[in-house]
Amino acid sequence: MAGALLTTYRTVIRLCGGPLLPALSFLGRLPTAMCQLGTLLLVARTSGSLATAGLVGGALAAGQTVAGPVVGRLADRLGQRPVVLAAALLNACAVAALVVAALGRAPTVPLAALGAAAGASVPQVGPLARTRTVALARRAAAGERTVSAALSLEGTLDEVSFVLGPALVGVAATVAHPAAALLLASVLLAGCASGFALHPTAKAVAPRRAPARTGAAHAGGAGEPYRRRGTVHGLRASAALQGAMFGACQAGITALTEELGAPGQSGLVYAAMGVMSAVAGIAMASVPVSVGLPLRRRVATGAALVLALPLLVVHSLWGLYVVVVVLGSAYAPHLITLFALTERAVPPSRLGESMAFMTSGIIGGQALALTAAGPLAEDSGPAAAFALAVGAAAAACLLALTSRPDTEPPSPAADTGTDTGTDTDAGADTDADADTAVDADTVAVADAVADADTAAGAPGAGEAVPDGTAGKAPAAGSAGRALPDGAGARRVPPDS
């Protein structure tokens, strides 16, 4: 089992052209995890007001929540390279300006405006890295096990970044000053996010032509039937509820550790939960393809609800560690499954926007829950904040049990059509050039992908079948070869 899992992840790394892309995407998303806490600590220290710090931090979260999908949409239409490069430069400048303004003890309103600008200009490396990795896997005609491993890897990188980011801020604030952490974030943004944008695999997500919006295509938007809207909105609601669980747990953990006289332990407890979530995320690639995405979602939300209940009665530090670490095992599987369902529910030309929407939902839900759970914990104790987390888990579980998401990938016809002339390459290669360039890379690893899927035990029923050729035998020598856009190089697992 471990050998098959390792083989699958090696295949994902080869699809990315080597370890450089995952490393750049990890370091490029790390500043996002650093800026929220770093901003709170910096403004609190320079202004002497927790209220001002909370307002500026809230403005940063609001800017990212609102503008994230816009950045994703621009990346879909113009290409990731120009959008990420521009956003990385703007974000680095905004963060640096926020540091200068805070050190200069600027008034609250300018600080909040700079916080909002820093949030709005986040280059969305995490969501766009998911989009790019999935696109590389699909172009290589990879099996669902490999696609699942790609999403698991991205989820794990997210979890590790949100554990390591606050830890780096805490160390910098203790050793030097919170400003040092934010300046480090600014440097990482300018360097690593730009490196992610310039990586050759950016051609895998070159902008596609917009379809003619007529008939059923017009009803659904972006060439998709209207029925998919309910699926997408339900997934975004689930992401927001997961974020609410994060925010409420964070408030409850902070309140309980203070009540127990160990406030310095709050960050370590939350980090332990993140580490367990990352481990569970890595293990998700070993789940058999026959276990469908809807079932995975129900199991993950049900586990989160059951494992969150002990939070209501925990009263010791070690008990808190145990409960929170065990609870973390349900978080990454839920989020990875939500992103996988999103990849099925939207056409490739809108995937960057949809992935950014999911991330914005998590951030928005976390911010709102943290805002509500903080006063609850102060007035009624930690159990009140934890009760909010349990309520969010119950709502997510109910949504998973009652929804019937569409797990059929969008057909190629839904994502191609007459060129409306509204899209522009913005310096990126044309679709044909990008396909040629990427195919040269993906053909080289396609056989390895097929071999890895076979070694991992992927069932034949879930193997790649070009759209419109169900039931036909593939041409000799074509197995594992990259198919051009529109050839239907997607795999449909036997979802339940």
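Student: What makes Ser-316 a cap at the N-terminal end of α13?

Tutor: A side-chain oxygen of Ser-316 lies 3.0 Å from the backbone nitrogen of Gly-319. A polar contact is a pair of N or O atoms within 3.5 Å, where within protein one must be able to donate a hydrogen and the other to accept it, and residues adjacent in sequence count only if both atoms are side-chain atoms. The 3.0 Å pair therefore falls within the limit.

Student: Which conditions apply to such values?

Tutor: This is a predicted model, where local features need pLDDT of at least 70, side-chain atom pairs count only at pLDDT 80 or more, and totals for chains, interfaces and linings use all residues. Residues are numbered from 1 along each chain as its sequence is written, and side-chain values use heavy atoms, leaving out hydrogens and water.

Student: How do you know what span to expect of α13?

Tutor: Helices are DSSP runs (H or I, at least four residues), numbered from the N terminus. The expected span is 1.5 Å times one less than the number of residues. For the 29 residues of α13 (317-345) that is 42 Å, and the helix reaches 42 Å from its first C-alpha to its last.

Student: Why is Ser-277 called buried, and Ala-283 partly exposed?

Tutor: Buried means under 20% relative accessible area, exposed over 50%, and partly exposed in between (1.4 Å probe, protein chains only). Ser-277 has 1%, so it is buried; Ala-283 has 35%, so it is partly exposed. Ser-277 lies in helix α11, and Ala-283 lies in α11 (residues 266-283). On the buried count, α13 is mostly covered, with 22 of its 29 residues buried.

Student: What does Ser-277 contact, leaving aside neighbours within four places in sequence?

Tutor: Contact means heavy atoms within 4.5 Å. Ser-277 is in contact with Glu-159, Gly-328, Tyr-331 and Ala-332.

Student: What makes a set of residues the largest nonpolar core?

Tutor: A nonpolar core is a set of buried Ala, Val, Leu, Ile, Met, Phe, Trp, Tyr and Cys residues joined through side-chain atoms within 4.5 Å. The largest has 53 residues, and Met-34, Leu-111 and Phe-196 have the most contacts inside it. Helices including α1 (2-15), α2 (20-47) and α8 (178-198) each supply at least two residues of this core. Leaving aside neighbours within four places in sequence, Met-34 is in contact with residues including Leu-168, Val-169 and Leu-188.

Student: Which residues are included in the second core?

Tutor: The second core is separate and has 51 residues, among them Val-269, Leu-293, Leu-341 and Val-346.
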